[in-house]
Amino acid sequence: MCPSLADEPVPWYKADDDTVGLRELSAACPSLIDEHAPGSTPARGAEPLTSLMVATAYGSVACIDVLLSPPYLVDPHRSSASSLSTPLHLDATGWATSAPTAVSCLLAAGADNDDDEVKEQ
C-alpha cells in the first residue's frame, strides 16, 4: 500500500533532502511522483502539489535533481489546478536559502518563466 503525501505536514523526503528515500518511495508508488496530492507550502498554504512542487517549495535541491532526471523526468511546467502555480512560481517565493540554486535547476530543465505559457493540468 502506498503512503499518502498528505499523511505528513512536511513529507520526510523534502525536509531531509532524502534522495534515497524519494527513490524508494517512487519505486514502491510510482503514481505519487507526478500526481497532485494535498500539500502545503509556507508561502501559499494548502493546495494540491506534485512532488516536484513540494521539493521546490522547500528548497530540496537534491530531490529536485532526482525528479528532473531519468527515470522520472517529471514535467517542470505542471501547475497546480487551484492556483496555476508551477514549481518555478513556488520557488520564486524565495523563502528557502537554496531558492536560487533550485531556480537554476528548474530553468536548466526547461521550466518556462513566461506566465502566459502556464498550462493547467
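Predicted model: local features only at pLDDT ≥ 70, side-chain atom pairs only at ≥ 80, totals over all residues.
Residues are numbered from 1 along each chain as its sequence is written, and side-chain values use heavy atoms, with hydrogens and water left out.

Serine 98 is found in the loop between α5 (87–92) and α6 (99–108); helices (H or I, at least four residues) and strands (E, at least two) are DSSP runs, numbered from the N terminus. Leaving aside its neighbours within four places in sequence, serine 98 is in contact (heavy atoms within 4.5 Å) with Gly59 and Val61.

The protein chain as a whole has six helices and two strands, and along the sequence these follow the pattern α-α-β-β-α-α-α-α. Of its 121 residues, 41% count as buried, where buried means under 20% relative accessible area, exposed over 50%, and partly exposed in between (1.4 Å probe, protein chains only). Among the contacts in the protein chain with a separation of 6 or more, 62% are accounted for by residues 24 or more positions apart.

| Residue | Relative accessible area |
|---|---|
| Serine 98 | 16% |
| Serine 51 | 1% |
| Cysteine 63 | 0% |
| Cysteine 105 | 17% |

Serine 51 lies in helix α3 (residues 51–57). Serine 51 and valine 74 are 23 residues apart in sequence, and their C-alpha atoms are 8.9 Å apart in space.

Valine 74 also belongs to the largest nonpolar core, which has 16 residues, and Leu22, Leu52, Ile64, Leu67, Leu68, Val74 and Leu106 are those that touch the most other members. A nonpolar core is a set of buried Ala, Val, Leu, Ile, Met, Phe, Trp, Tyr and Cys residues joined through side-chain atoms within 4.5 Å. The elements that give two or more residues to this core are α3, α4 (61–67) and α6, and the largest share, five residues, comes from α4. A second, separate core has six residues, including Leu49, Ala57, Tyr58 and Leu90. In soluble globular proteins, nonpolar side chains tend to be buried together.

Which residues of α6 are buried? They are Ala99, Ala102, Cys105 and Leu106, and because they cover an arc of only 120° around the axis (taken from the directions from the helix axis to the C-beta atoms), they lie on the same side of α6. An α-helix has 3.6 residues a turn, so residues three or four places apart point the same way. What covers the buried residues of α6 includes α3, α4 and α5, whereas the face turned away from the buried side carries the exposed residues Pro100 and Ala108. After α6 comes glycine 110, whose phi is positive, near 100°.

How many disulfides does the count give? The count comes to zero, a disulfide being a pair of cysteine sulfur atoms within 2.5 Å.
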